Amino acid sequence: MLIMILRHKCTVVFGVGIHDMPDFIVKLLAKIVLPKVDLLAVRDKHTVKVVEKLGCTGFYFSHDPVIAYKKKVTYNWETYKQDKNIPFDDFIVLNYRMTKNPEETQMALETLSEYMQYISENYPSMGIILMPFSIHPTFKLENDVIAMRKLIKKAREKYNAKNYILLKEY
């Protein structure tokens with residue numbers, strides 16, 4: 001986040017279930033960075049306590065940070081579609097995430113693969129945008145791009161799904 005702030009990129013943090021940070025370095029970085037983000041939104045009372053302990057004020061308590069974001073945006077959907085080479089006017093957005101439970105992960109993989117095939121077959125002009133939200137530092141859990149590559153492989157090979165795009169940024 002600090003690198004994004006230094007590069008003057010819009011930085012939004014959505015805190016859900018943030019726990020106390022026992023690691024000194026992480027806590028120090030959070031104290032430095034969180035007050036400088038463009039938008040800090042939190043979804044639960046426990047996270048409110050944590051960000052208040054870190055000295056953050058001016059955050060939004062909201063279930064959807066997009067609703068809370070009020071900064072004037074000049075980047076519109078048409079520009080975004082051009083930048084990302086998105087050919088769809090009608091689309092759905094999916095996110096797939098691995099969990100610590102292999103059975104649960106496999107069940108979600110199967111269900112979403114079938115769903116992608118259903119959309120491809122029954123709504124051929126509709127696109128499926130696979131949008132990553134999270135990345136885990138060790139890349140073992142919550143790396144949405146890796147997880148969604150597995151989803152694409154399954155959906156393509158087993159179900160012949162079409163009309164999807166994987167966004168490669170978070």
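This is a predicted model: local features need pLDDT of at least 70, side-chain atom pairs count only at pLDDT 80 or more; totals for chains, interfaces and linings use all residues.
Residues are numbered from 1 along each chain as its sequence is written, and side-chain values use heavy atoms, with hydrogens and water left out.

The protein has 7 helices and 6 strands, where helices (H or I, at least four residues) and strands (E, at least two) are DSSP runs numbered from the N terminus. Read from the N terminus, these elements follow the order α-β-α-β-α-β-α-α-β-α-β-α-β. Of the 170 residues, 35% count as buried (under 20% relative accessible area, with exposed meaning over 50% and partly exposed in between; 1.4 Å probe, protein chains only).

A helix pair comes next. Helix α6 (residues 102-122) and helix α7 (residues 144-159) have axes that come within 9 Å and cross at roughly 55°. Such axes are lines fitted to C-alpha atoms, for helices over the stretch in contact, with angles from 0 to 180 degrees between N-to-C directions. The two helices are therefore oblique to each other, given that angles under 35 degrees count as roughly parallel, over 145 as roughly antiparallel, 65 to 115 as roughly perpendicular and the rest as oblique. On the α6 side, the contact involves Gln 106, Leu 109, Glu 110, Leu 112, Ser 113, Glu 114, Met 116 and Gln 117, which meet Lys 150, Leu 151, Lys 154, Ala 155, Lys 158 and Tyr 159 of α7. By class, the residues of this contact comprise 6 nonpolar, 3 polar and 5 charged (Ala, Val, Leu, Ile, Met, Phe, Trp, Tyr, Cys and Pro are nonpolar, Asp, Glu, Lys and Arg charged, and the others, Gly among them, polar).

Glu 114, in helix α6, counts as partly exposed at 41% relative accessibility. Its C-alpha atom is separated by 9.5 Å from that of Asn 160, 46 residues apart along the chain.

Leaving aside neighbours within four places in sequence, Lys 81 is in contact with Ile 86, Phe 88 and Asp 89.

Methods
Contact means heavy atoms within 4.5 Å.
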